[in-house]
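Subject: Handover of the structure

Hello,

Please find the structure below, followed by notes on what was found in it.

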Amino acid sequence: MATIVHQPPRIEEPGERSRGHDGFNNGGGRNLVPAVGHLPAVKDYAPPPASTGIWVVLASITMTFAAFTSALIVRQGSALDWRHLALPNILYFNTLVLIASSIALEVARRRMREFAGGLKSSAAEPTRFLYITLALGLVFVAGQALAWAQLRAQGLYLATNPNSSFFYVLTAVHAVHVLGGLGGLLRIIRKIGNSTLRKSTLDATVRYWHFMDGLWIYLLLLLWIRL
Amino acid sequence: MHDTSAHAHAAQHTAPTSFIRKHVFSLDHKVIGKQYYGLALVAVFVGMVLSWLMRIHLGWTNFAIPGLHLLTKNGAPGDMMTPEFYLQLMTMHATIMVFFVLTTAPFAAFGNYFLPIQVGAEDMPFPHFNMMSFWITFTAFLVLMASFFVGDGPTLGGWTQYAPLSAVGQVGGPGEGSGVVLWALSIAIFCVGQLLGSLNFITTTLDMRTRGMSLWRLPLSAWSWFITSCMGLTAFAVLMPACILLILDHVAGTSFFVPANTVINDQLQPHSGGSTLLWQHLFWFFGHPEVYIAIVPGMGIVSHVLVTNMRKPMLSHRVLIYAMGALAVLSYMVYGHHMFVSGMNPVSSLVFSFPTLIITIPSTIVVLIWMGSLYGAKLRINSASLFALGFISMFISGGISGFFLAQPSIDIMLHATYFVVGHFHLVMGVAAMFGIFAGTYFWFPKMYGRMMDEKLGKIHFWFSFVGAYAIFMPFHYLGLAGNVRRYQAFAPEYMQHLIPLHKFITIAALVTGAAQLVFLYNLFISRFKGDPASDNPWQATSLEWSTPTTPPPHNNFGEKLSVVYHDPYQYGVESSSGDYVMQTSPEKASADDEA
């Protein structure tokens, strides 16, 4: 006959255990261990879904660009019609702009943390840095468009040769992802406005933005070097 | 603390009241799951009718199918099927079945409905993405269907869309212009939908588990959805760029996939330097994992159904999970076995042959665990468990021919024949369908609060089981006899004696298809007139059977989230409720409750 365990599972009181970090409550922490039974290897704290979700998103973006990369390598080696194009100089300027935007966003995140921790009384400063990031992001996309215009002026169109094809495709797909990131930044600014921003959302957006930064540097190298 | 958080979430998940939010643009994972199921149901009947048309034509080549011309502009003069129209039907049958049935039903439909409940969550973490995932998939289906009505019909290039034929445009034949563009667009859209779905599935499994629900305590079905979503995340992310490049070859004049000096229909193509193998590598890097995306959820569902009806746990819960994981990992290393006759370097063929033979090991382990667990079990025979057994049978029968095809020297002989068609229909098509049926009979009571008709279910099973073998076993013989696939008529003399067999297969296909109407009838009649189901009609242990109402309330568990105390399958133990202990019951179960 089965034994009934009489002791009910222990329900923790508020404040008994730290919920995540920095005082943000993100809906995590629901993976707590019941007090009864022998329960090894059950994690106390489940991260809020956005923290996990962003890695999932970045993994799938990585796979997409890995596919493009392998296509580029195969295509480059498959025929003699590859004409390596000289990259427009504005791309280097764009790269600096994107790096600067990442720095601005990092500053915004740190200021936001101080605000959330009660060290600062106003969210105006982090919001200002978010707007700077947003502006720099827009400058980057505009700069990319300018690079396309320069290539077109040289008579290099999407279908001109395989290198120009990959140039347009890779930069365009990257730019679409950057625009998605800009959307994310706007969402964060709105959430700061009505005080519904979660730390995990901010962190996820920041990670995404830094990833776009790294991805761009990778793409620049890929388009620059001749394999 | 826990209570507060549960309430906070319950507050966020207030039930919608408007019709649109409730039934159309719903954020509720249960509604989205049912929407996916509905989409798969529509798609499967469209796909089946297309296969009927092909089968009728193969059996009676000179028979004019009444009304056939309505489906196509030029493909059926006088209701007689042209070779091109046959290929268009074949391509659409495969695309609809693989993407909109085998991916959506076992993974997206059941996964959406039951994964959050099985892990003990109120919903998925990103409900808006979840809603978008369905509507994007639905859009993809509409785009694909639109190709029937645009230009000269859908593409005829096969669901694999091999370049250069798929990339040269109109000159390649009917449907190779707008048809291919719509196809590639549809699939690219589909990929986005499934990526959003996978994002939700992975985060649900990792982050939304309730108290006490460690990973090892997840039911096998939840594990299979998790593993599948990891595959989907990586596979669909590769197919999407491939489709983008294919579309560009069409609309922008690029040359990704068309080599220089390609002459098609006496016309020199303007493209230069593309690689046909590139498409195949990108496609099959997705395509092979896709096979497992279709079958692994079936494995999980079947295990879940079997364990409940065996009333005892699997021989090894963990080994079964490890084996499914191994299948997922290996599925990326074997894709080249689809390309043995594609012009790939023969050394690569050998390299891909090896993991292909290795992948039979986890498949065999899964089957052996099922068989070993069934041994000595007092299996409850009902529609769900019958279809689960049928799944195992189909998986073994279809899998065995995989041993032969894994070897390049044999595959070269058999690749373009019906042998391969028989192989993949059994192991991936029918087996996965049986998984869907097992899931449907098993979970229907929870989804609709009514039992399905067991008698009709058993009729459905026996006709489907015998029918599927009657259709697909002869395919192997046809292949060995040299019957080439993708041909719409058998003119050469050596194929003449195979025509009676084709007639037999056609009759079997029509009868088996008609049996699916029984299923459809059962589904609808049970939805409205079935016997009311209790909360736990199968005396099962996992969380979906512990919901306060049936069907579950909007937030699944009512006021308070469940707490989990046990491994998922505590059957064959003595307890106050009978021979099982539910995961949510604090009662002590067995000594070997490991987690």
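**Domains of chain B**

Chain B is divided into domain 1 (48–75 + 85–309), domain 2 (378–530) and domain 3 (534–595); such bounds come from an automatic or database domain assignment. Between the C-alpha centres of domain 2 of chain B and domain 3 of chain B the distance is 34 Å. Six residues from domain 2 of chain B and four residues from domain 3 of chain B take part in their contact, where two residues are in contact if their C-beta atoms, placed from the backbone, lie within 7 Å. On the side of domain 2 of chain B that touches domain 3 of chain B there are four nonpolar residues, one polar and one charged. In these classes, Ala, Val, Leu, Ile, Met, Phe, Trp, Tyr, Cys and Pro count as nonpolar, Asp, Glu, Lys and Arg as charged, and the others, Gly among them, as polar.

**Source and confidence**

This is a predicted model, in which local features need pLDDT of at least 70 and side-chain atom pairs count only at pLDDT 80 or more, while totals for chains, interfaces and linings use all residues. Residues are numbered from 1 along each chain as its sequence is written, and chains are lettered from A and ligands numbered from 1 in the order in which they are written.

The model scores ipTM 0.92 and pTM 0.92. For chain A the mean pLDDT (the predictor's confidence in each residue, from 0 to 100) is 82, with 79% of its residues at 70 or more. Residues 1–44 of chain A stay under 50 in pLDDT, and the model has 87 contacts beyond four places in sequence for them. The mean pLDDT of chain B is 93, and 97% of its residues reach 70 or more. Residues 1–11 of chain B have pLDDT below 50, and this stretch has 22 contacts in the model beyond near neighbours in sequence.

Two packed helices are described by the angle between their axes and the distance between the axes. Axes are lines fitted to C-alpha atoms, for helices over the stretch in contact, and angles run from 0 to 180 degrees between N-to-C directions. Helices (H or I, at least four residues) and strands (E, at least two) are DSSP runs, numbered from the N terminus.

Helix H4 (residues 83–119) of chain B packs on H7(B) at an angle of about 125°, and their axes are 9 Å apart. H4(B) and H7(B) are therefore oblique to each other; angles under 35 degrees count as roughly parallel, over 145 as roughly antiparallel, 65 to 115 as roughly perpendicular and the rest as oblique. H4(B) and H7(B) cross in a left-handed way, a term for a near helix turned anticlockwise from the far one by less than a right angle, with right-handed used if clockwise. From H4(B) the contact residues are B:Phe107, B:Gly111, B:Phe114, B:Leu115, B:Gln118 and B:Val119, and from H7(B) they are B:Ser221, B:Ala222, B:Trp225 and B:Thr228. By class, six residues of this contact are nonpolar, four are polar and none is charged.

Helix H7 (residues 220–251) of chain B also packs with H8(B), at an angle of about 165° and with the axes 8 Å apart. That angle makes H7(B) roughly antiparallel to H8(B). The contact of H7(B) with H8(B) has 22 nonpolar residues, seven polar and one charged.

Helix H8 (residues 276–310) of chain B and helix H12 (residues 383–405) of chain B have axes 9 Å apart and an angle of about 130°. H8(B) is thus oblique to H12(B). Among the residues that meet are B:Gly298 and B:Val302 in H8(B), and B:Ala384 and B:Phe391 in H12(B).

**Backbone details**

B:Ala163 and B:Pro164 are joined by a cis peptide bond, with omega about 5°. B:Pro164 sits in the loop between helix H5 (127–146) and helix H6 (178–207) of chain B. Another cis peptide bond, with omega about -5°, joins B:Thr550 and B:Pro551.

Regards
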